[in-house]
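Thanks for making time this morning. I will go through one structure, and you can follow along with the sequence and the model side by side.

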Amino acid sequence: ISSGTVLEELLTSNPPAGITILRYASGRITLKNNGSATTADFIALLQQIRYKDLHFEITSGVRIIRIEVFTDCGAVGETHRAYLPIYTQPDAGLDGDTVLCFNSAPIDLRSILSGEPDDNGSWQPPLKSGGNIFDPNLDSAGIYTYIVPDAEPCIGDTSRVQVLIEYPFQLREDTILCYDEVLYIDHPAGLKDWTWSTGSHLNRLPVREPGVYTLEGSWDYCTFTDSVAVGFITCVVCKPYPPNVFSPNDDGLNDDWHIFLNCRWEDYRLEVYDRWGSLVFASDDPETLWDGRVRGRDAHNGVYVWRMFWSGEFLGAPKTWFYEGDVTIVR
């Protein structure tokens, strides 16, 4: 074999009795006449010679088999050559399928094909990359055909990959509600497993306080998250309740006084004055109680004037309210 390698062989068997086969290398055979072989015997034996390629991957090309005739005096006549064209069968691999997650990294789509697909194929429809890279953020789910072209005289080959893409779920839009209302956020149908940011696994999450509520959930193969921002505003004016009398006599009944303010307040100030306009009590917290004493001594029975302001939110905007009145001490 001209330009052959050690992994290429010429094989033959069953020589006539008058011919001996000598082998000096894998790609070379010497046929020796022992004296009784005829020309017809040599021709018949030459026609039985077979070519074998032991490479793991056979390359296309033309193998040249050179035939020379020798006598005791050397080569006789011209060298003859036989041309053996070898073409490897185009191989597009075996069909495959895959599921990808939206926002996951691009992959070489050939990696989904089984077998040993050739490198010179192309995809139909074409991928956005223009090559073999499938990007789940750009390419669409569907069936893609890998086409390896003809290699004359061998017919080309095709294989297919079915790509499914799991996309993120979407919760409802962000929203604003009135306090005392309840918002229910439903989990998307079809999730196999899910957990709310509150730790709950409810199908419908009840929301009563402002915040961002996140759901982490899984489809068959992919896990995604989405969030809903929920805001609350005050839709009804919250009014304070100021008792107008108390009896600080340590009998356990109405011994303290304060203004009840069951509202969402940000700033608060209460001041109480006696009949002469002197400040006898002040507080920056509606939970602070007046025990009816002034600088450690019992205040006199009678009427005391109070003034109060507090600020908070109303219909989504800041607002301040002012109130005034009087309270009577009776012992």
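Let us start with cysteine 101 and cysteine 222, which are joined by a disulfide with an S to S distance of 1.8 Å. Keep in mind that this is a predicted model.

Which parts of the chain does the pair of cysteine 101 and cysteine 222 link? Cysteine 101 is in strand β9, residues 96–101. Cysteine 222 is in the loop between β19 (211–218) and β20 (223–233). The two cysteines are 121 residues apart, and the pair links distant parts of the chain. The torsion about the S-S bond of cysteine 101 and cysteine 222 is about -90 degrees, so this disulfide is left-handed.

Cysteine 222 has 1% relative accessibility, so it counts as buried.

How many disulfides are there by the distance rule? The count comes to three.

Another of them joins cysteine 178 to cysteine 235, with 1.9 Å from S to S. About its S-S bond the value is -85 degrees, and the link of cysteine 178 and cysteine 235 is left-handed. Cysteine 178 lies in strand β15, residues 175–178, and cysteine 235 lies in the loop between β20 and β21 (245–246), so the pair ties together parts that are 57 residues apart in sequence. Cysteine 178 is partly exposed, at a relative accessible area of 22%. Cysteine 235 is also partly exposed, with 28%.

That leaves cysteine 238 and cysteine 263, which form a disulfide with their sulfur atoms 1.6 Å apart. The torsion about the S-S bond of cysteine 238 and cysteine 263 is about -80 degrees, so this disulfide is left-handed. Cysteine 238 is in the loop between β20 and β21, and cysteine 263 is in the loop between β21 and β22 (265–273). They are 25 residues apart. Cysteine 263 counts as buried because its relative accessibility is 13%.

What pattern do the disulfides of the protein follow? With bonded cysteines counted along the chain, the pattern is 1-3, 2-4, 5-6.

Two further cysteines deserve a word on accessibility. Cysteine 73 has a relative accessible area of 79%, so it is exposed. Cysteine 154 counts as buried because its relative accessibility is 15%.

Is arginine 63 buried or exposed? Its relative accessible area is 10%, so arginine 63 is buried.

Which side chains make polar contacts with the side chain of arginine 63? One is the side chain of glutamate 8, at 3.2 Å. Another is the side chain of tyrosine 51, joined to arginine 63 by a polar contact of 3.1 Å. Leaving aside residues up to four places away in sequence, arginine 63 touches Glu8, Tyr51, Asp53, Ile58, Ala82, Tyr83, Leu84 and Ile86.

Now a pair of strands. Strand β2, residues 19–25, and strand β3, residues 28–33, run antiparallel and are joined by five bridges. Isoleucine 21 has leucine 31 in β3 as its bridge partner. β2 and β3 form a hairpin, and two residues sit between them.

Finally, the protein overall. How many helices and strands does the protein have? There are one helix and 27 strands. The C-alpha trace spans about 150 × 35 × 30 Å along its principal axes. The radius of gyration is 48 Å, whereas a compact globule of 331 residues would have one near 20 Å.

Of the 331 residues in the protein, 31% are buried. The accessible surface comes to about 20,700 Å², and carbon and sulfur atoms account for 51% of that. As for contacts between residues at least 6 apart in sequence, 53% of them join residues at least 24 apart.

That is what I have for today.

Conventions. Residues numbered from 1 in each chain as written. Predicted model: local features only at pLDDT ≥ 70, side-chain atom pairs only at ≥ 80, totals over all residues. Heavy atoms only, no water. Buried < 20%, exposed > 50% of the residue type's maximum accessible area, 1.4 Å probe, protein only. Polar contact = N/O pair within 3.5 Å; in protein donor to acceptor, adjacent residues only side chain to side chain. Contact = heavy atoms within 4.5 Å. Pairing = 2+ DSSP bridges. Helix = DSSP H or I, 4+ residues; strand = E, 2+ residues; numbered from the N terminus. Disulfide = S-S within 2.5 Å. Rg over C-alpha atoms; globule rule 2.2 N^0.38 Å. Areas by Shrake-Rupley, 256 points an atom, 1.4 Å probe, with all protein chains shown as cover.
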